[in-house]
Amino acid sequence: MHPILKLVLQRIALGILLLFAASAMIFGLTEALPGDAAQAVLGQGATEEALANLRREMGLDQPAITRYFQWLGGIVQGDLGTSITNRLDIATSISNRLGNTLFLAFWAAVFSVPLAIFLGLLAVRYQNRWPDKVISGATLATISIPEFLIGYVLVYFIAVQLGWFAPLALISDSMSLGQKLHAIALPVIVLTMVVLAHMMRMTRAAILNVMQSAYIETAELKGLSTFNVIRKHAFPNAIAPIVTVVMLNLAYLVVGVVVVEVVFVYPGMGQYLVDAVVKRDVPVVLACGVIFAGIYISLNLIADLVSILANPRLRHPK
Amino acid sequence: MTEPLLKVRGLKIGATVYPPGEKPRDIEIVHGVDFDLMPGKVLGLIGESGAGKSTIGLASMAYGRGGVKITGGEVWVNGRDILKSSLKDIRKLRGGEVTYVSQSAAASFNPAKQIMEQVTEAAILQGKFSKKDAEARAVELFRKLGLPDPENIGRRYPHQVSGGQLQRCMTALALCPEPDLVVFDEPTTALDVTTQIDVLAAIKDAIRDTGVAALYITHDLAVVAQVSDDIMVLKMGDMVEYGATDQIINHPREDYTKALVSVRSIEHPEKSPAGEPVLKCEHITARYKGTQFDVLHDVNVELYPGQTLAVVGESGSGKSTLARVITGLLPPRDGKIIFDGRELTPDLSSRPIDDLRELQMIYQMADTAMNPRQTVGTIIGRPLEFYFGLKGEAKQKRIQELLDEIELGKGFQDRYPAELSGGQKQRVCIARALAAKPKLIICDEVTSALDPLVADGILKLLLELQKIEDVAYLFITHDLATVRAIADSIAVMYQGRVQRYGGKTEVLTPPFDDYTDLLLSSVPEMKLGWLEDVLANRKMESAGN
């Protein structure tokens, strides 16, 4: 077998294993919370008898292990269970909201990733000169301010004072793509500001590290311009660390947007999860947890695979 | 009369240094050097590290490595002063008129790109050839340089060819744009001795066939004597002597040049085996964890008290692995290690402390073998505390004795490794090994990172200490001149086996087996025409290229 195929298969198997471990952990943690779904439905005043009946009806009298595998079996078949607050199928409710979250994350990534890499290249090109300092300083400032603060500041100035965008990012299926983009402009700006610094600084550091190599000197002595040296010789060797940090930030864009979604009242997964936690809707919390874990693991898996494929020693063995 | 291709006048080069604990300051590293190079000629630049030879070579491309800056003088290439040229014009010169071959091709090729793309890049960029013509020329050069499968080798990645092959590819890279001048910066130094000779011959032929001029930079006078028309000897940024190759090699005028020519003239009469051996390796066979082949096969050697056994071989011959087995870092698969009459346990962790004390090591890179945050006193004092429990006065007294033995004297106790020269660092490592009062010291390539004159000093010190302390050395090296200088007995290793073993005179006297012959004949000699003679009389092809 080609060694790279073996490595890739190993990583994928490891990813799947990790996903199972994460699902067990999420399930275990919700089990450890006091009270259960039956208690949540009936409230504090319920009689023991009523609770026991409901538990039997919901299958909660079974041991935890049995319920875990029943739940897991459902997930594998695409059945995420039923919400206990509105009795709706979770998969149906989530698909719409997950779509919205991915839509927001996608557009934030479309702007932030190329911008971060370009700024990183620029910072290396003008290392320790004013463009480098301005880029580093500005991105560091945006990451240091909490995102909800940036969010409210933007809402006040851009939406309320200038009136360019709506303060709330409400979208629906009937809107055109242009209308949707206009609606999510502010959250996209906030998310871009939050993830920009990390990616840009990693790009800068990874390329600077490569710039110490002897082959960079070879390229300079061939008469290449500084920017071409960076683009043709340094960047291809810095891909692995850059992709890793990009994927980490993409995962954050999907999983970590809860605060931003709440600020802009955006109908995504974050809102849904917060609602479910407040209402003690355990099946929904479980479903959201597993989906977040899945996204996180698969993005990091992609980063791993890209790193493997970017290594010429593995791609072209002796 | 033709104009010189390269004319250097009053070249001064400076750098900024950052001494620990002090403010950065500017120093001058080349103090006004003049020379001319005619088209098609080869000038050898020779000197020890810090002589400024690479810096001068790169100045002919108006390039300063790291914080190095050209601070004064003129560098004329093809009739114009490149130090007054714009950056745009300098970029036309680099990779077009003047090209560069570095010491380590392995580091100088971009690992992510195919060889062909890198070899032809400059020629295409500088508009000398179209992509198609550049590739045709590259294949032609690959053939001329003796690379296997010249049609297809360009499609490989740098890690897919050997070190010697890559060095030839680097030469092809430099010659591809049809430059007027190539700067060769120690192009064979990193190679094994039997590979070096082939690469050297390939470079020499390529220079002759293309009619290119060259600056050939090296610290090895014997190597430069084979390729250059003229030689310039440099020391600490000044020119010491400049003349035709024959004059420099056979009739040097300056004392420094004489010292370089006569380096490695230590006379060490062979001692014959006496008493019980301090170390006996019996049928050692070893392999690394997770691999399927043995790297040592049935190795049998003996070493007597107060004597030196030199283990010689090229990279991959298993000589360092033997050291790892003896020290217990790599337990052997089979065989016994008898040390001072008792059998050592295979594994380091189960050896009693006295076994550890009596067997010390000195490494090639003194830099990485010392904690940069500890003073010399702490470094040497540690084994005194650990093995003998010395403290306070007694410890200080012993540290000073050891410093005296390695000829460093007072005031060195409080210095940090960064404040020492390469030779001084290695001396401290020797003192640290001696502090344990060992019966055997394993010296792993201890002089290969040092300049020839400094290395000579270290070898003399080691011989001196051997007389005083009656310690035995297992001396691992690839350098046969070192072996002649220090050994009592020699083991020649090749592909994990001891190829030839015995007293020094016996091993170095013909008739030889083919490998020993190849190894011995590949050591450059300070003689004009040596390269051609050797290649004409070879019995065996070297493996490493």
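B:Asp229 touches B:Lys41, B:Val42, B:Ala244 and B:Thr245, when residues up to four places away in sequence are not counted and contact is taken as heavy atoms within 4.5 Å. The structure is a predicted model, in which local features need pLDDT of at least 70 and side-chain atom pairs count only at pLDDT 80 or more, whereas totals for chains, interfaces and linings use all residues. Residues are numbered from 1 along each chain as its sequence is written, chains are lettered from A and ligands numbered from 1 in the order in which they are written, and side-chain values use heavy atoms, with hydrogens and water left out.

B:Asp229 lies in the loop between helix 8 (221-227) and strand 9 (230-235) of chain B, where helices (H or I, at least four residues) and strands (E, at least two) are DSSP runs numbered from the N terminus. Although B:Asp229 and B:Val42 are 187 residues apart along the chain, their C-alpha atoms are separated by 5.3 Å, and the side chain of B:Asp229 reaches the backbone nitrogen of B:Val42 at 2.8 Å. With a relative accessible area of 34%, B:Asp229 is partly exposed, a class that falls between buried (under 20%) and exposed (over 50%), computed with a 1.4 Å probe on protein chains only.

Between the two chains, 21 residues of chain A are in contact with 25 residues of chain B. The area buried there, that is, the accessible area (1.4 Å probe) that two parts lose on being put together, summed over both, is about 2,200 Å², of which carbon and sulfur atoms give 55%. A:Glu217, A:Leu221 and A:Lys222 supply 31% of the area that chain A buries against chain B, more than any other three residues. Two salt bridges are counted between the chains, each being a side-chain nitrogen of Lys or Arg within 4 Å of a carboxyl oxygen of Asp or Glu. A:Lys222 also forms a salt bridge with B:Glu121, in which the closest N and O atoms are 2.9 Å apart.

Technical notes:
Polar contact = N/O pair within 3.5 Å; in protein donor to acceptor, adjacent residues only side chain to side chain.
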